[in-house]
Amino acid sequence: MKIIASVFATLLFSTIFAQNEKLNFIDFNTSDRLQNLEPSKIKIGGYGQVDYSQALVNETKGVGTLDVHRLVLFLGYSFNQKWEMVTEIELEHVQEIFVEQAYLTYKHNKYINFKGGLILIPMGYINEYHEPPSFFGVERPLLDTKVVPTTWREIGIGIYGRIPEIGAKYQLYVVNGFIGYDDVAKFDGASAYRNGRQKGAESLLNYPNLSGKIELFGIKNIKLGLSGYFGKSQSSLVSEIAKINTAELSQADSSVITVNMIGLNAAYNKGALQLRTQAVYSHNNNVVAYNAFGKTNLGKELFGYYFEASYAVYSSAKTTARLVPFLRFENFDTQFSVDP
């Protein structure tokens with residue numbers, strides 16, 4: 001057996017500007033960054049990530065790779081104190097362009113606000129806070145790429161707000177959801193839901209899905225989060241089928257699964273110490289029919305978790321520079337249980 005060690009290095013640069021005036025760095029979450037800056041009509045920000053990876057294999061010479069992994073531009077505009085637009089455009093590996101977020105918000109009050117457009121699904125921690133250094137390491141945790149298909153975004157509309165009296169904030173959206181079948185089955189045991197992300201590109205909508213999250217921050221040094229995602233996958237077969245055509249209806253039903261996903265995340269911060277944990281469980285209905293029809297091997301249940309500890313041995317308030325060694329134990333299974 002060969003033992004393989006990997007060396008990763010990443011160079012990260014980030015800046016935020018508003019009306020050509022340089023502002024203090026706020027947060028790596030897009031919406032929080034743009035909404036919490038000093039008052040300004042136009043809000044611009046961005047970051048870049050350049051990676052170097054080198055596998056070290058015993059008695060074998062290898063070659064390293066350099067990659068401009070991401071170059072991201074945030075653009076926001078406040079029409080007035082109530083209405084705001086937020087966008088995030090990402091260039092990956094120099095040649096792939098994606099719109100990761102594009103939505104309008106209406107700020108009614110601290111308790112209830114409205115959002116509509118291409119939005120991030122509030123599942124777990126990393127999917128919303130998916131920019132480095134919100135996560136440690138060059139790549140995102142495996143749980144947040146295999147079970148939660150970060151970056152996971154869909155078109156939807158919903159409400160969000162804070163309840164400061166109990167130290168909580170919430171989000172609740174109706175979204176279009178995954179596409180599970182479009183000429184071929186999109187879900188399988190290796191990539192789970194990842195190939196089913198519609199990303200706002202000519203998205204199909206047969207069945208609306210529900211996505212929500214509640215977070216508690218009223219306990220000193222502790223943050224807790226509970227996420228949920230529920231609904232049926234979309235299918236290109238569910239289109240213009242006569243209600244009396246039982247054969248085609250049955251075939252279309254076989255191309256659809258129901259996803260029930262729950263996520264728990266918790267973080268403890270005190271001084272230089274940070275402890276973080278996350279667990280995600282998902283149960284799929286109609287898997288036997290879906291796998292048989294699509295000739296695939298999607299798991300009936302998916303489950304994963306990780307525990308992480310870090311300590312900032314160096315930090316600078318003037319430059320926001322930090323040196324933070326960390327340890328993470330992670331376990332996930334996209335076929336936690338399977339049909340017989």
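Predicted model: local features only at pLDDT ≥ 70, side-chain atom pairs only at ≥ 80, totals over all residues.
Because Lys43 belongs to strand 3 (residues 42-57) and Glu84 to strand 5 (residues 83-92), the pair ties together parts of the chain that are 41 residues apart in sequence. Both partners fall under the 20% limit for burial, since Lys43 has a relative accessibility of 5% and Glu84 one of 2%.

A salt bridge also joins Glu308 and Arg328, whose closest N and O atoms are 2.8 Å apart. This pair links distant parts of the chain, with Glu308 in strand 17 (residues 301-311) and Arg328 in strand 20 (residues 326-337), 20 residues apart. Glu308 is buried at a relative accessible area of 5%, whereas Arg328, at 26%, counts as partly exposed.

## A salt-bridge network

Over the whole structure, a search finds 8 salt bridges.

## The nonpolar surface patch

A nonpolar patch on the surface is formed by Ile157, Leu172, Val174, Leu210, Ile214, Leu216, Ile219, Leu224, Leu226, Phe230, Ile262 and Leu264, which together have about 980 Å² of accessible area. At least two residues of the patch come from each of strand 9 (168-175), strand 12 (209-216), strand 13 (222-232) and strand 15 (258-270).

## The surroundings of Ser255

Ser255 sits in the loop between helix 3 (246-254) and strand 15, and at 0% relative accessibility Ser255 counts as buried. The side chain of Ser255 reaches the backbone oxygen of Ala252 at 2.6 Å. Leaving aside residues up to four places away in sequence, Ser255 touches Gly180, Tyr181, Ser233, Ser235, Leu237, Tyr290 and Phe293.

## Confidence of the model

The protein chain has an average pLDDT of 87, and 88% of the residues score at least 70. Over residues 16-31, however, pLDDT stays under 50, although the model has 45 contacts beyond four places in sequence for this segment.

Notes
Residues numbered from 1 in each chain as written. Heavy atoms only, no water. pLDDT = per-residue confidence, 0-100. Contact = heavy atoms within 4.5 Å. Patch = residues over 30% accessible without salt bridge, like charges linked within 9 Å, V, L, I, M, F, W, Y side chains within 5 Å. Areas by Shrake-Rupley, 256 points an atom, 1.4 Å probe, with all protein chains shown as cover. Salt bridge = Lys/Arg side-chain N within 4 Å of Asp/Glu carboxyl O. Helix = DSSP H or I, 4+ residues; strand = E, 2+ residues; numbered from the N terminus. Buried < 20%, exposed > 50% of the residue type's maximum accessible area, 1.4 Å probe, protein only. Polar contact = N/O pair within 3.5 Å; in protein donor to acceptor, adjacent residues only side chain to side chain.
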